[in-house]
Amino acid sequence: MTSATLLTPVRSSSQPRNPPPPVRTDQRTYIRTLVVLDTAVLTVAVLVGYAVRFGEAAPRGPVPYVLVAPALVLAWLVSLKALRCYDDRVVGYGADEYRRVSMASLRLAGATAIAGYVADVGVSRGFLAITFAVGTIGLEVARFAARKRLHRARSQGSGWSRRVLVVGDTAHVLELVHTLRREPYAGYQVVGACIPDALLAPVAQRLGDVPVVGSFRAIPEAAAAIGADTVAVTACGELTATRLRRLGWQLEGTGIDLVLAPALTDVAGPRIHTRPVAGLPLIHVEAPEFRGVRKLVKGFVDRSMSLIALALLLPLLVVIALAVKLDSRGPVLFRQIRVGQGGEEFGVFKFRTMVINADELLAELAARNETDGLMFKMRDDPRVTRVGRLLRKWSLDELPQLVNVLLGQMSLVGPRPPLPSEVARYDGDVARRLLVKPGMTGLWQVSGRSDLSWEDGIRLDLYYVENWSLAADLTILWKTVGAVVNSRGAY
């Protein structure tokens, strides 16, 4: 094997040529924590099933539940293991972890039902139904809580993360590094890069703050030298199919994962399908869906939920209206022209949170804008009233937009509704935001709202436009509750 070409200090001859992969202590600790957590949840589920089904009375029949209960917990853990619910490539990010947990529970429930019927064991079906229902929900909730804690730790620079060596040409390496660092909670920590033209030099080369640790001639050695456990290969003309195949062979048995990062970005999994053609794994990308049955269902759900929400929130809306009226001079509601689907303008409703001459004062405050791009944002905006600050903190000023949703002008989830002045300066890419209805909430809100840069806000809006789904809408609505409670980016 070719000796390593490194820009950092070269290993001495006394060092092993292929040092063992790094021990992933944090990863193993997290996996063990999941096993303990799952065991506790399943134990509670079995106890709940027994208590609800039999109460204080002892069950009748020859079935020894004192043995059935631990056997069921053990079988459940085996089922989770069999479906790779503890695989480090599954846990911690994405929806696949939750799907696998649900599938493991459903398969075990089905197998238990069939085995009980065939063997005529006589285990109470009520006990099993309650146990599996409580256990499945409990497992999902526990995984969610564990993941949130892991994400917080990763965002703070601690917690288990993969150590990534990025391989590719300079431009694509920098792009991939930026993408991975944009979402640190995903758990990919870039520790080095290999580029095609890396040469030995007195001073180590760097791409930004990423050290260049070698060239394409010695990728496995470079990964081992910096303790990387993942090699991420991005687009590069010099990395042919033959070289990639050989790289995969070289990484066999080293404990280092190989990840391919195609140039295609911001495309959600459901739109991507890999199909082998002539021995090549071709990636097929489905076109975004802007009409059809799913759109009709989305519109029906939007209007139904907005009508129900308006009915339930009517007392709160009356209280807010009185507070706005008593706090400052002016109307209760503020109607502002925004641009909706297809460029059609409409009046968006909000509770008034500013003084009545706010637009006239904007020119005086333009120099104090705290955001880039086309929006004006200011943390301590003097135009905001006392009640307005409270309403903005909890996003209560946006509740009247439920009327816009009911009228079909907006959706519950979608891109941020832009001003006509913003749309007038849109380029071709940004204008794709107008292909769908704007939303009361969206990825921009659950990801930081005003704390986001203009570029990141646009990227999130475009991602939603290209990859929207009813399941994603429900997820965003759920996350919106947390964003509102934490007042993240609201000012």
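**Helix packing and salt bridges in a predicted model**

R143 is buried, and E97 is buried too. Keep that pair in mind. This is a predicted model, and I will start with these two residues.

R143 and E97 form a salt bridge. Their closest N and O atoms are 2.8 Å apart. Where do R143 and E97 sit in the chain? R143 is in helix α4, and E97 is in helix α3, residues 96-119. The two are 46 residues apart, so the pair links distant parts of the chain. In general, side chains of opposite charge can pair when their charged atoms come close.

How many salt bridges does the structure hold? The count is 13. Let me show two others.

Take E422 and R416. They form a salt bridge, with the closest N and O atoms 2.5 Å apart. Are these two buried or exposed? E422 is buried, at a relative accessible area of 2%. R416 has 14% relative accessibility and counts as buried, because the cut-off for buried is under 20%.

Now E466 and R432. This is also a salt bridge, and here the closest N and O atoms are 2.7 Å apart. Again the pair links distant parts of the chain, 34 residues apart. E466 lies in helix α14, residues 454-467. R432 lies in the loop between α12 (420-423) and β12 (439-441). E466, at 19% relative accessibility, counts as buried, because that value is under 20%. R432 is partly exposed, with a relative accessible area of 30%.

Some salt bridges share partners. They join D38, E97, R143 and R147 into one network. So our opening pair, R143 and E97, belongs to that network.

Next, helix packing. Stay with α4, the helix that holds R143. Helix α4 covers residues 125-155, and it packs with helix α2, residues 65-82. The angle is about 40°, and the axes are 13 Å apart. Therefore α2 and α4 are oblique to each other. The crossing of α2 past α4 is right-handed.

Which residues make this contact? From α2 come Y65, V68, L72, W76 and L80. From α4 come F127, L128, T131, F132, G135, T136 and L139. By class, the contact has nine nonpolar residues, three polar ones and no charged ones.

On to strand β12, where T441 is found. T441 is buried, with a relative accessible area of 4%. What does T441 touch, leaving out residues up to four places away in sequence? The list is L412, V413, G414, V446, I476, L477 and T480.

For contrast, look at G208. G208 is in the loop between β3 (206-207) and β4 (210-214). It is exposed, with a relative accessible area of 66%. The C-alpha atoms of G208 and L174 are separated by 8.0 Å. Along the chain, these two residues are 34 residues apart.

Last, the whole chain. The protein chain has 15 helices and 12 strands. Of its 491 residues, 42% are buried.

To recap: R143 and E97 are buried, and they form a salt bridge. Helices α2 and α4 pack at an angle of about 40°. T441 is buried, and G208 is exposed.

Note on methods:
Residues numbered from 1 in each chain as written. Predicted model: local features only at pLDDT ≥ 70, side-chain atom pairs only at ≥ 80, totals over all residues. Heavy atoms only, no water. Axes fitted to C-alpha atoms, helices over the stretch in contact; angles between N-to-C directions. Helix = DSSP H or I, 4+ residues; strand = E, 2+ residues; numbered from the N terminus. Parallel < 35°, antiparallel > 145°, perpendicular 65-115°, else oblique. Left-handed = near helix turned anticlockwise from the far one by under 90°. Contact = heavy atoms within 4.5 Å. Nonpolar A, V, L, I, M, F, W, Y, C, P; charged D, E, K, R; others polar. Salt bridge = Lys/Arg side-chain N within 4 Å of Asp/Glu carboxyl O. Buried < 20%, exposed > 50% of the residue type's maximum accessible area, 1.4 Å probe, protein only.
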